[in-house]
Every structure is written in C-alpha cells, then in structure tokens.
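Here's a quick briefing on one helix and its surroundings. Have a look at the model first, then read on.

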Amino acid sequence: MSLPWLADNIRQFIPLVNEQRIPHAILLSAARGMGKVELAKEMAQLAMCENITEDGACFRCSACELIKAGNHTDLTVIKAENAVIKVSQIRKLTSDVVLTASKNQHKVIIIQDAEKMNPSSANALLKTLEEPPQKVLIILTTNEIGQLLPTIKSRCVKITIQSTSNHIANQWLTSQIESDIDGIDFALFLSDNSPLLAYSILHNNVSEDVKIMVKDMEALQQQSVALLDVCKKWYSNNWHYNLNYISVILLNHLLLKNGLLSENKSESHIKINIQANKILTFIKSIHQFSKRLELPLKGELQLEKLLLMWKNTPSSTID
Ligand SMILES: [Zn+2]
C-alpha cells in the first residue's frame, strides 16, 4: 500500500532507476510520522525490482516478493541501539554489503534516524560516501537534518517529504481507521498533520489520555492533586511518552494567547495563564526529557522532576 502523499516523491524517483541514474546516497528528511522509512523502502524496491517499468515496481518478481516478505538479503536496515548508531554497525555494513556488491541489481542500505550516528559512526560512513561503491544505494532518513555532519549532507541527494494537506491526511485516515471527524481532527492537530503519527494516536486511543494529562496539569497548578499521584499514574500508563503532544498543546495555547492563531478548532485548551517565556522553557524541558527517554535512565524520577518544574511554574489568573 502506497501512502498517497508520497506519490510525487516516488514518481520522481522512477525515471532515475529506469535511466540508471540512481544516486549513491540519498538523504530523506521529514517530520515524524510522514513515512520516511516507508518511502525509503519503496525506493529500495524500485532500485531492486527486476522488471521495473515507467509505472514503478512490478510487485511480482523475486526481489519484490522478498522485499514484501521483509527478508531480501540485499536490503539492510540499520537502526539505533540504545539511541546510538554505533561505529561497529556502520563498519559491518561496509564490509558485508559494500564489498559484496553484485554487478546487476542494486544493494540498498537504509540508515534510519541517521542523526543518531555518533562521531565515529559518521566518520566511518563518510569514508564510504567519499568512495561510493558501484550498485549500492545508501538511504539515510532523519527528522533532525540539522544534526548531521555537513560533509555527509553534501554527499547525498537531499529529498524532503513535504507536509501533506489536511484534506489528504483526513481522507487517508478515514480510509484506514474508524473514528469520528472530531477524533481525526484532534489526532491530526496533536501530530502536527503527520498522517502516520495521527494514525498511531487514533489506533492507541492516545487522545483521551492526553486530555486527562491536560486536566492533571491544570490540577497540579491549582495544587488540587498530589504530584506523586500524577507522576505514578502517568508513569504506570506510559503516558510520559505522550509529552510531545502536551508540548503541541502548550505551543498552540501560546499562539492563541498572542493572537497568532485566529481560532482554536481543537478542544485542547489548557486553562492556565502562564507567561510565554515560562511555557517555552517548559516545552524545552519536555524536549530534553523525551530525548532522555531513549536512554536506560530512571524515567520515573526524571518525570517527577519535570512535573515538579511545571507545578512550580508561576501562573497568574486562571481563565
Ligand atoms: Zn519487481
């Protein structure tokens, strides 16, 4: 199943394959939930399909079948282990894949969340990019392109997945999952219009949890609930993984307060009046907290610190 908002990216890639102009390296960037990995895999299939036409992959040849089954040996996907892509992972791919490149079909390496390479991994990859092997396509995906080495970026063809219209995202979600219009709207709001993220919000019923979190945050400010109770509830329900959505709500609140948004379509008001700079500081802390979540640290303690910070953020009158 192709994701409709990736159609243009795919259409532009097909002639490169047909005219044997596949680049050595592609850097795919987009916001979270826009389908970077899906697009990378579609590109891999196009590069590896044995009967590609100008319409795209055949979906019938052995390469297409193996990719569909997820076990094509010429397609390697590298992901971070404990939030880091290690140099051993990059070296392994250079020895295993690059040195055994065949003459006919392409081999494809997808490096997911490439910003998670540490300096040694990035340098190891750079060496490969400096002397690109024939018939190997390396696809890096990232939602934090600014964190990649300029020398790596300059050796890749950069492709961005443009944000999709609310209409297309809405239509796609309606075809994929049962939900009322308000539910879809709210999920798209929380995900900043990223369809796959909105899908996961709907699929996992995250919206209701987020609404309770907002109520808890109001109660914390009003001192009507105990910090440790909120912390326990959030942590035992894994709600701390939803904090990114809280920062979307806070940011939206800020834009509304400052007249930068005309109308609030969602029901995501947080009934607290806090100075803009304090809200921004808190959003920054959420961001740092979310980064630390990938590390094996004491998450509950970190969450407690974050909520304490929120509780102690001075607010003025309540709406
Ligand atoms: Zn095929």
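Two residues are in contact if their C-beta atoms, placed from the backbone, lie within 7 Å. Helices (H or I, at least four residues) and strands (E, at least two) are DSSP runs, numbered from the N terminus. This is a predicted model, where local features need pLDDT of at least 70, side-chain atom pairs count only at pLDDT 80 or more, and totals for chains, interfaces and linings use all residues. Residues are numbered from 1 along each chain as its sequence is written.

**Helix H11**
- Val230, Cys231 and Trp234 are buried in H11, which spans residues 227-236 (buried takes 20 or more other C-beta atoms within 10 Å of a residue's own, exposed 12 or fewer, partly exposed in between, with C-beta atoms placed from the backbone).
- These three sit on the same side of H11 because they cover an arc of only 100 degrees around the axis, going by the directions from the helix axis to the C-beta atoms.
- Leu228, Asp229 and Ser236 are exposed, on the face turned away from that buried side.
- The buried residues of H11 pack against helix H10 (206-221) and helix H14 (299-311).
- After H11 comes Asn238, with a positive phi near 60 degrees.

**Val230 up close**
- Val230 belongs to H11 and counts as buried because 21 other C-beta atoms lie within 10 Å.
- Setting aside neighbours within four places in sequence, Val230 is in contact with Asp216, Leu220, Val225 and Leu307.
- Val230 and Asp216 are 14 residues apart along the chain, with 6.9 Å between their C-alpha atoms.

**Domains**
- The domain assignment (automatic or from a database) gives domain 1 (4-160) and domain 2 (205-311).
- Their centres, taken over C-alpha atoms, are 36 Å apart.
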